[in-house]
Amino acid sequence: MKRIASFVMLLVLLASALAACGAATPATSTAPSTAAGGTQASVAASVAAATTAASAAASPLAAATTETMATATTDTTATTTAGTDGTAVAGTDGTAVAEENLPDVSALNLSGIRIGYQGPLSGPQAQFGTTGLNGAQLAVEQLGEQMGFQGVEIAQFDDQATETVGASNANTIAADQNIMCVVGHINSGVALAALPTYRDANLVMISPANTNPRVTEEFDGTAYRLVGRDDVQGVVAADFAVNELQAKNAYVLHDQTAYGEGLATVFRDTLEERGVTVAGFAGTQEQSVFDAVLTPIQAANPDVIFFGGIYSTVGPFIQQLRERGIEATVLGGDGLDSPDLTRLAGETAVGTNYVSVSGPASAYPQAAQFSEDYQSQFNAPAGYPAFQAYDAAKACLLAIANAATEANGKPTREQVEAAMEDVDTFQGVTGTVTFDEEGDRSPATYYVFEVVSGDPENWGQNTVAGTVEAEPPAE
Amino acid sequence: MALLELQNVHTFYGNIHALKGISLAVNEGEIVTLIGSNGAGKSTTLRTISGLLSPRQGQVLLNGRRIDTMPSHEIVKLGVSQSPEGRRIFPRLTVLENLEMGAYIHSRRDPQYQADLERVLDLFPRLRERVAQKGGTLSGGEQQMLAIGRALMSRPHVLLLDEPSMGLAPILVDQIFSIVQDINKQGTTILLVEQNALMALGIAHRGYVLQTGQIVLSDSAKRLSENETVQKAYLGLD
Amino acid sequence: MAVKAQAQPLASRQASVGTLRQVLAPIGQIFVFVVGSSLILGAIVLVLALLLSRTQANLLSGVLTVLPLVIIDGLVLGFLYATIALGYTLVYGVLEFINFAHGEIYMVGAFVGGGLGLWLASQGLLAAMHPLLFVVFALLVAMTASGLLAVGIERFAYRPLRNAPRLVPLISAIGVSLVLQDLVRLLAGPSRFNLRYPQLGLSRRFQLLEIPTAAGANLRVAIDSQSLIFIVTSLLMLIALNYLINVTKLGKAIRAVAQDRATASLMGINVNLIIAMTFFIGGALGGGAGVLFGVKYSTVNPYIGFIAGLKAFTAAVLGGIGNITGAMVGGIVLGLLEAFVSTYLTLFTGGRFSGPDYASVASFLILIGILIFRPSGLLGEATTQKV
């Protein structure tokens, strides 16, 4: 009797703990979706507006041609206002970035300035983190010299794509008074964990890859991003699913991170608005054995499977999906934008579609020189998020230089923070970069890709199925 | 030269000085008995010989060769085997498997193995009846027989027996001791450690009396049994 | 003469009957548990579906449709746990010690197999090889490597602590586990954190049933050849282990050492050598499981050992720690249980609770339950049954 009683008590305890968790979880996961839901109408409107402005095609996602992209970039350039002093708008004919007017601080003899970098440098997402690091490195080497800094260097930190590590590193970064600016993170969840520390230290963080809306919404003045946001990315993906893939029945998965769950939630909510059946919405932290996730999918027989997650998870997932004979089209977000997806999934990855906040090399004509330099220095083609990290580092350098000029010497972090707010627009390798008051890139461009080859070397040949340019949603 | 010899052996359990300079000899073909009361150090002596314990001082010699620094499994190969205190048969192995383990140092394909097995089962017919039974299900007497039989399977030169009469009914003790004599007549030298001094001296050729880690008396078995001190202390005679 | 003649046929007759029974009986036990667990779990799920179908339409049909798939998933997972559990139970039987590093030994085996595949591919030899030949080759190499690793770990991390209080070698084992995880991670480098096994073109699917679904198309219930290889190889390993432990001299020596270490040395058994051999065998089994995992799930990383090891250890305890068949049975029951919870929890709660997250919770809850009501495990005996 005693044994039964104690076992029952244990079960009751656990059940109540579960109930408590269950009550908590929906609240946090609905938060992004309600925010997204509220802005969806405006996003749809702005998406429609931007694309009708950009191209003559009726469908917002006409099959990509260089024409569409060229039109988009020309339009953007036309509407750009002159930015901060000294950064006159350059031409869009692929001329090297060095020819523009960069601030010159050589007279100030600034030495010992460091720019922090945080990203996953080891572990399953190392490909993302090191690519970003390389891009930032290149920027600091080239631009630092051109702008007259007496040696700027990157202080790199491996956040292992883990919240606790990122937050801990943030403390170390904050303590190093030579670090004036931070380029990072790659994972939105990790950024959210580290940002309170950056904010308290008056450190500006410029992300080459964070797409979760909360990063800029909750850290006004501290966080900036070079890429678009999930509350648009998710809508773009959903529209693609509905219009191009003609999905009637979708299954949505996520990896339970702030990024993955946020993106998947937007996607699901948009689909439901468009009247598509969402057969399932599930999260998993599983990295290798997906049987339990695949069985319900097999039973639901969806047309499309959306996975809000990173290539390191989705790669093996796709492999096992195809081995089961499930033929649904796979759709994902910018987390899939890495050649490691095909390294992990091989031939099975062919036909996967993903939305990215980074375009193909051809979308960045100004990046020709950068791509060349990147290839020769790092022996690999430049990819996402190297372009964005370069521009993020450039933004940092611009802000530091401007602050230094005003302070007539080494600036404080507060001064850099203020200077960053004034960096409205500049020319980057990803085109004209404009930050709005929130710190979001406005407008930002979203691309829908399709994987064409099972060979990671051919990642750059993935075809673009559509492009969308959009402002971040209004509050 | 004695077959088995201990020279001034001191063995410790941690800081406890259990054997305080034991010297004894066992000659080929003899039955030598080591008698003494509880805690005298009898089992310790056998464990030292078998290599389960290492003497801090002194030597153990087999045919003049030092074995006190060798690991116990090597000593078995040299022809010294033991039926340990408390029988210690393997409870979840069958009788046959226990005997197989006794013959571990020989290959199973060795033709002698079958002969050895036969010999043991002849000596202990009760075991033959229970060949497939798990050792733990045997009675005390049967387990003792199995322990001795198992020790014989390695074809030892010297057989060490640790208190074979412990916990057994007198009639069984008689049986077992008679079998021990048979074994000796078949050519095995025996060192017998016993609390039951009467039985032990009854079959032994020579004996030693052990008291708190030291040999106090050493003589032929006959003379020991006539010794007054021995009679009073160990034989219960007045 | 007559007496001699009697003993020989007696001994050999005993041997052959015993052998056959000992070696094949476990298969029978496993079969019973597979069928039994599937039936019980299936029944529970159906009853729940019936009770809940008032609030959710189509629940019953949904539940039924997925049932065969879930059982197959559970079996594959179960055999994975079972094979790893064999290593735990073997070592525990001999030393009464839980080798917490065993999960990492399994992981190293997986990496060795994957590394071998990479190397063969780079030498251009892989394409010419028959896929099954690669699997066998990888198994042999990985099993040897893992076995030797286990022996090495025993020698340097456990043997010096053999006389220390029980907790000390346990902590040493956990330390070894952590060291191995990061060592492999370091050696593999960031580019090979997720190591992909060569694609062997083994994905032949054997269709078992077709079930009509509410969603329209028929649901094809099939088992792929990787899963079959997995299950068959695991069974073969079990049979081989059983034969080894119950019939061979080495096996009996292992059991003798497990039952009475000092007396075993009085038999002329080199106890340290036997213990090393036990670790070798256990490690080899773990390494083999690692290769099978890589072949089936195609990607391995340095952390697969941790959770799998924990679950396999749970399985070993569930089945009765120290009992070989128990380890397999425990693994299969655990695998089935996890598969059922993973899929059906999501189904029953309409997605509010993500099944795979709570599968582990369920496994460990059942473990607690079994230990409260039947501490010796499913196949254990009242006293700790050893090897």
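Predicted model: local features only at pLDDT ≥ 70, side-chain atom pairs only at ≥ 80, totals over all residues.
**Chain C against chain A**

Let's start with chain A. On this side, 40 residues of chain C are in contact with 44 residues of chain A. Putting the two chains together buries about 3500 Å², and 56% of that area sits on carbon and sulfur atoms. If you want to find the residues of chain C that lose the most area to chain A, look for Asn194(C), Arg196(C) and Tyr297(C), which together make up 15% of what that side buries.

There is one salt bridge between chain C and chain A. Its partners are the side chains of Arg324(A) and Asp73(C), with N and O 2.6 Å apart.

Which parts of chain C touch chain A? At least two residues each come from α2 (59–95), β3 (218–224), α9 (271–297), α11 (324–348) and α12 (355–373) of chain C. The most comes from α12(C), which gives eight residues to the side that touches chain A. Sorted by class, that side of chain C has 19 nonpolar, 13 polar and eight charged residues.

**Chain C against chain B**

Now for the other partner. Here the contact takes in 28 residues of chain C and 28 residues of chain B. The pair buries about 2800 Å², with 61% of the area from carbon and sulfur atoms. In chain C, the residues losing the most area to chain B are Lys249(C), Leu266(C) and Met267(C), and together they account for 27% of what that side buries.

Between chain C and chain B the count is four salt bridges. One pairs Lys252(C) with Glu100(B), whose closest N and O atoms are 2.8 Å apart.

On the chain C side, α1 (2–52), α6 (225–247), α7 (249–259) and α8 (261–266) each supply at least two residues that touch chain B. By class, this side of chain C splits into 11 nonpolar, 11 polar and six charged residues.

**The two interfaces at a glance**

| Interface | Buried area | Share on carbon and sulfur atoms |
|---|---|---|
| Chain C and chain A | about 3500 Å² | 56% |
| Chain C and chain B | about 2800 Å² | 61% |

Technical notes
Residues numbered from 1 in each chain as written. Chains lettered and ligands numbered in written order. Heavy atoms only, no water. Contact = heavy atoms within 4.5 Å. Buried area = accessible area lost by both parts, 1.4 Å probe. Helix = DSSP H or I, 4+ residues; strand = E, 2+ residues; numbered from the N terminus. Nonpolar A, V, L, I, M, F, W, Y, C, P; charged D, E, K, R; others polar.
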